[in-house]
Structure formats: structure tokens, C-alpha cells
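Welcome! Please have your viewer ready.

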Amino acid sequence: MADSKANDLMERIVSLCKRRGFIFQSSEIYGGINGFWDYGPLGAELKRNVKDSWWRIMTQRRDDVVGLEATIIMHPKIWEASGHATTFADPMVDCLLTKKRFRADQIESQSGVVYHYSGAEDATDKARTSKEPYSVLLAPGKNPDSARKVARQFYALRGITEARLLDERTEKVENSTRYNPENGSLLTEARMFNLMFKTYVGPVESAENMAYLRPETAQAIFAQFKNVAEVSRQKVPFGICQIGKAFRNEINPRNFTFRSREFEQMELEFFIRPDEVVEAICGSVAQPAGPGHPGEPQASWGWQMWHKYWVEERLAFYERIGLPRTSLVEYWQKPEELAHYARATVDILYKFPFSKKNAAGELMGEELEGVAARSDFDLSQHQRFSGKAMGVFDEELKLAWGKLDEAKKTALSQRCFESRRNYLVKTNEPADKAEAQAREEAAGLARGSYVPHVIEPSAGVDRLALALICNAYGEDTAPDEKGKMETRVVMRFHPRIAPVKVAVFPLLRNKPELVKKAREVRDLLRPLMTVFYDEAGAIGRRYRRQDEAGTPFGVTIDFDTLGEQGPELKDTVTLRERDSMKQSRVKIDALPALLLEKIQ
Ligand code: GAP
């Protein structure tokens, strides 16, 4: 449970987000809609910068990753192949009193005394009874009458307005998740609830026209794998990345935008050679040698090295845009937590103010991104469901295979056969069919063909935007117009992702020469970066407004700029840094290069 200090901090962050136009409740004028959020002017810029940084790093600055932009609604078979149609579900429970819905696995366990009743009868009319059993958990130290009050409310909803509770019986319980933490009422049994939003394609609302709003962007990448590989002339190992909307009908959206029903994902599917193929080509498979970044990719890397590489690349990305390493946690999922097809998954967590704390009182963090080694599960599933071959031809493998001795060929074929058969059996293929298909696929190695494996770094744009906002939020003191110290709210965004990079101010708005010069500076910088021009109010107030917006630099055009104090200061401006509040004198000509260096 987050403590009250953390709640208070979160409240101040949420209030700043609304006040300054980072994030608003969706449809606010109609009372809002739970789990949906809109980004205001500053939030829209922040999100765009997050996505642009990711896109630049993940594809534009690499030779081995290309982009894709697919539709939100796709053929429903995609979700059968991926498993979402059957298994993308969370356990759901309802409060028997208030009907409030919870995710069963998120109910905090509680201890106390349970008050059980077999039913109730109406004190004023004995003919009116309810035989429905009901229970209430009473937290330690609370008055038993409060449990009885909750029980009476429950029976009142069933028409027993003056309830006399029947057969009261008490029982001590430890760590139970069967009761509503807010009022102690018994919850319903858990039912599975599929999180995909449904819709209909075309005018007829029939089962065959049903489609889903995608719950992740990844599946389109798998479905388009062959097309993209062909047109981009990429050879494994290579990746396809995508940024886009995803929709999940979350049972309990919470923690501001952290768990929303509509959000954006940034996903990379990086396709690699199976380890047997690497071994056939390179003689052996390189293994991670210890902590840290494994360096430049090598042909001898198997899935473990690639997985490690992407975890480190992703951590470096977060640091690049201003999340300190100490605010991040690298969580290796335990074997029992892994999805059945995953060989390893690392969750990258950020220590949000609302994160749970461990016994030592340290924030444990909440997931920003998962980096999963998903074997060949996804492409294999689409191969099975679509009937289209998802394998690739690898010239190097074919050549290398021809040079292997018979013992090595047998060993590698056998390993390939076993891993393919195990996958097919796990995904409910009958044993004889699985055996035959696995044998055929193992034989494919000799022809240079295989289904690629994949490493998937999958991140949420909105969660990252929220982490950046939480990380940036700060309060300190700064002098006001009269030199008196006042509290300053400052958003210390890294210049790379700050919504506005520089604010330009004429010292006084009623001096046309200052305004003219300031507009010239604005127009000089605007093609290169986001500029906010502000001439309204005292200069100190204008600085303060930009501090709250997280603008890292402020440029003031004053009388020195006009050369009134002598020619040496002519065409120089005051450059103010948001965090240190230090001011320096800079030549206008030098501004573009100086600022670009800091924001790129
Ligand atoms: N293709 C893999 C996949 O979708 P996931 O862990 O379900 O994996 C990846 O989602 C990321 O998407 C998460 O780490 C998180 O950042 C973001 N995400 C998932 N559900 C979300 C939600 N309800 N609201 C906001 N972001 C969410």
C-alpha cells in the first residue's frame, strides 16, 4: 500500500498535469470515462518526443531494424493464433454489497475476524426473509457492530429493510483475499474476463463480422513478417518495430494513466537465428560473460546474448532521456512466472511514487517495459493458423551445413527436432502430428531453412510519459520579483524530451525594438526546436511558468541586446538554465548550435 506521503505527491503531480495541460480526464465535461485520458498541449509534445526518441534509437539509427504501421483492427484469426482469444483474461471479482469490480489477483490479503450469517429476517414483517448466506471481514480493533451494519446493508438491498441477522458465527482468518478491502464485504467467486474490446466490421452485428481492437501492436509485426522481410531485403538477425494504440478492457484501471484502457505501445520484434543454426554456422554459441552491455552484436550470439543486449540497450535508452539508473529496476521473471513459450523475460520497472515498498522501505517499482525471449512461438503459431510458411532461407546456414560432419548434423537436427516437437505438443498439437512436423522442420536445416526466434522489447508510451513526469516533478525555492524566496514547482525534464525546448522573452512588451528582436530570435530557433514565445507579465513570472512546463532554457532579449550598454553586448541575449537558474550572456548567432547540442 502506498503511504500518505506518496499519495500526497501523486496528488500534486496529477493536479499539475491538469493545471498545466499535460493530462486531462477524457470526456471530462460529461464526468469522465474510467481508464481513458487525453493529453493537453504540453502532454502531446512530451508524448511525441518520447515516441520520436524511441523511433530514432530503435530504427532510424540502426541498419538492422525497420518500421511498420499496421491497422488497429485485424483479422480475428490473428488473436486465435496469438492465444489472446482464449487466454488473454484476468480473474475478476465483484463486491456483493457495492458491486464494485476488482481484479482478483490485485486484492490485498487481509486478516481479521469474519462474521458469517445464514440469512436475515425483517424485524417488522417475519414473512420477509432472505436465506442468502453472507459474510463480512472485521479488521482488527474495529467494533463488531460495523460488520453487522455492513451485513444489514447487504440484506436491505434484498428488501429486508429492518434486518435481524440470523445465526451469527465468527471465524478468524489470515491473509484472505475473499473480502473487499474497502468495506469488508464478501466478494463473488473469481470469474475470468477477456480483456479484448470487441467491435463489428460492416453493418451487420453478427458473430462472423466480429473483430477486436488490438490489445498489443506486436501481432501485426508477426503477421507481416514475410512481407517486410522481403521488401526490406533484411536477413535474420533483424527487427521490425511499431508504435501504436492498443486497447485493453482493464477490470480496474488505476494509478492515473499507469493502467489505462486505451494506451500506446512501442514494440520491437527482433528476429534471430535459433541456437542450433548459430552453432552450425559459427561452431559454438557465445554465452553472456557477466553483467553489463555485451557490446557490438556478433554472428555467434544465440538468444541469451541477444536478450541481454536488448535489456542493456533499453536501460541505456531510459537513461538517455533522463530516468536515472537508480530509479529503474531490472527484474528477471522467475521460472514459474514465465509465459509457457518464454525462455526469459526481464521487466524494466520504474520506481513510481505509488509503487509498493519492500521490507526495507524501498520502492519496488512498476513495469515500464518487458523484454522477452519468446522462442519461435509467434511465427510458428501464425504458420499453423494461416497455413503460410513463416520460415526463412539462410544461405550461410546452407553452406555451413554442407561442411559439418555427420555427428554434428545429427546432434543439431535432434536438438531442433526436440525443441520443435516440445513446442507443438505444448500448443496442443496431437503427438503424432507434432512428431511428423518437427521431423520435417529439423530436416529443413539441411536446406538452410528455419522459423526465426524472437526477442521482444515491449514498452508503453503512456507509462513512460508518466514516469518522466514523476521523475521531473520537483519543488524548490526561488526569489520572486522582489527578491523574496518562494516555492517553485519545476519540471526537470531532460532537454531531449522536454515538451518545449526554449522560451523566448522580450524583457518588456511595450518596447517595440525589444519585441521585434525577440520575434527575430523566436523565428531563428523555431525551425530547429519547439519554441514558446511569451511577452505577458513580469519576467520572473514568465520564468516560473516555464519552470512548471519543464522548459529547460529561457532566452531574454533586453536593452543590452540592442547595444544600449555598448557595442560588445549588442546582439547577445541572457540564456537562463531552468535547473540551476544560472544566467549567461550568449551571442544570438551562437544560440542554435548551443541549444541543439543539448537537446539532441
Ligand atoms: N507484446 C507484449 C505485450 O503487450 P505487455 O507486458 O502486456 O506485453 C507491454 O505490455 C507494455 O505495454 C507494458 O510494459 C506497459 O508499458 C504497456 N501496457 C500494458 N498494459 C497497459 C495498460 N493497461 N495501460 C498502460 N500501459 C500498458
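## The shell around the ligand

The ligand is surrounded by 18 residues, where a residue is near a molecule if one of its heavy atoms lies within 4 Å of it. The closest are E216, R248, S260, E267 and E367. This is a predicted model, in which local features need pLDDT of at least 70, side-chain atom pairs count only at pLDDT 80 or more, and totals for chains, interfaces and linings use all residues. Residues are numbered from 1 along each chain as its sequence is written, and side-chain values use heavy atoms, with hydrogens and water left out.

By class, the shell holds nine charged (Asp, Glu, Lys and Arg), five nonpolar (Ala, Val, Leu, Ile, Met, Phe, Trp, Tyr, Cys and Pro) and four polar residues (the others, Gly among them). At least two shell residues come from each of β16 (262-272), β19 (366-373) and β22 (453-460); strands here are DSSP runs of E, at least two residues, numbered from the N terminus. β22 gives the most, with four residues.

## Polar contacts and cover

Polar contacts here are pairs of N or O atoms within 3.5 Å. A ligand oxygen is 2.5 Å from an N or O atom in the side chain of E367, and a ligand nitrogen is 2.8 Å from one in the side chain of E250. At G460, a polar backbone atom is 3.0 Å from a ligand oxygen. The protein covers 89% of the 550 Å² of accessible area that the ligand has on its own (Shrake-Rupley method, 1.4 Å probe).

## A look at M74

M74 is buried, with a relative accessible area of 10% (buried means under 20%). Leaving aside neighbours within four places in sequence, M74 is in contact (heavy atoms within 4.5 Å) with W79, A211, Y212, R214 and A220.

Definitions and conventions: Polar contact = N/O pair within 3.5 Å; in protein donor to acceptor, adjacent residues only side chain to side chain. Buried < 20%, exposed > 50% of the residue type's maximum accessible area, 1.4 Å probe, protein only.
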